[in-house]
Amino acid sequence: MPPNAQILIVDDHEDALYALESALAPLGHLLGRATSGDEALKQLLRGNVGLLLLDVHMPGTGGLDVVRYMRRLEQTQHIPVVLLTGFARDRQLGAAAYALGVADLVTKPVDPWALRTKVRHLYDSHQRHLALEREIRALRARLDEQHPGHPARPALPHTHARAEPAEPAGAHTGELERDRT
């Protein structure tokens, strides 16, 4: 994904699209729009989306369906998603959204300042993450060029992987037992 990836805004109501575009315009990012879940999926598959702002309740393919589909595809599974709902938040919707890895669930009408702050943070964090992944791949390629035939390096760790706790220094040599006596 290019560093100037767009923020895709998806809502089936023109007035909501206009309001969201007006709220996000001061960020200076490219803004795309879609009026249905199917149209959003087509744009996502074209590959220039850096963040998705998505209405939950739309005719046809709804917001949660779009996210379910996105999470199954490697090219879209890590794109940050902010879901929008015009209905009061309920536990089932929140549980389903967060289980799919949605970054936030926002009730409409939105506070433009709060939305800009969330979107700026999520978009910039995602772009930094992608830039680091590109840099790691480039460095590994350089290492492979300098050391051909060297065994394959491990894959990048998953972004949510937890590191195992480190063993205390000296634990494997018995130094800790000697220190206690």
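Reader: Which residue in strand 4 stands opposite Leu 54?

Author: Leu 83 does. Keep in mind that this model is predicted.

Reader: How are the strands around that pair joined?

Author: In general, sheet strands pair through backbone hydrogen bonds, either parallel or antiparallel. Here strand 3 (residues 49-55) and strand 4 (residues 81-85) run parallel, joined by four bridges.

Reader: In what order do the five strands form the sheet?

Author: The order is 2-1-3-4-5, in an open sheet with parallel pairing. Strand 2 (31-34) and strand 5 (104-107) are the edge strands, each pairing on one side only. From one strand to the next, the twist averages 20°.

Reader: Which strands does helix 5 lie across?

Author: Helix 5 (residues 112-146) lies across strand 1 (6-10), strand 3, strand 4 and strand 5. Its angle to strand 3 is about 145°.

Reader: Now the core. What is the general idea?

Author: In soluble globular proteins, nonpolar side chains tend to be buried together. In this model, the largest nonpolar core has 23 residues. Those touching the most other members are Leu 8, Val 10, Leu 44, Leu 52, Leu 54, Val 81 and Leu 83.

Reader: Which helix gives the most to this core?

Author: Helix 3, with four residues. Strand 1, helix 2 (37-46), strand 3, helix 3 (63-72), strand 4 and helix 4 (91-99) each supply at least two.

Reader: What is Leu 52 in contact with, leaving aside neighbours within four places in sequence?

Author: Leu 8, Val 10, Leu 44, Val 66, Met 70, Ile 79, Pro 80, Val 81 and Val 82.

Technical notes
Residues are numbered from 1 along each chain as its sequence is written. This is a predicted model: local features need pLDDT of at least 70, side-chain atom pairs count only at pLDDT 80 or more; totals for chains, interfaces and linings use all residues. Side-chain values use heavy atoms; hydrogens and water are left out. Two strands pair if DSSP finds at least two bridges between them. Axes are lines fitted to C-alpha atoms, for helices over the stretch in contact, and angles run from 0 to 180 degrees between N-to-C directions. Contact means heavy atoms within 4.5 Å. A nonpolar core is a set of buried Ala, Val, Leu, Ile, Met, Phe, Trp, Tyr and Cys residues joined through side-chain atoms within 4.5 Å. Buried means under 20% relative accessible area, exposed over 50%, partly exposed in between (1.4 Å probe, protein chains only).
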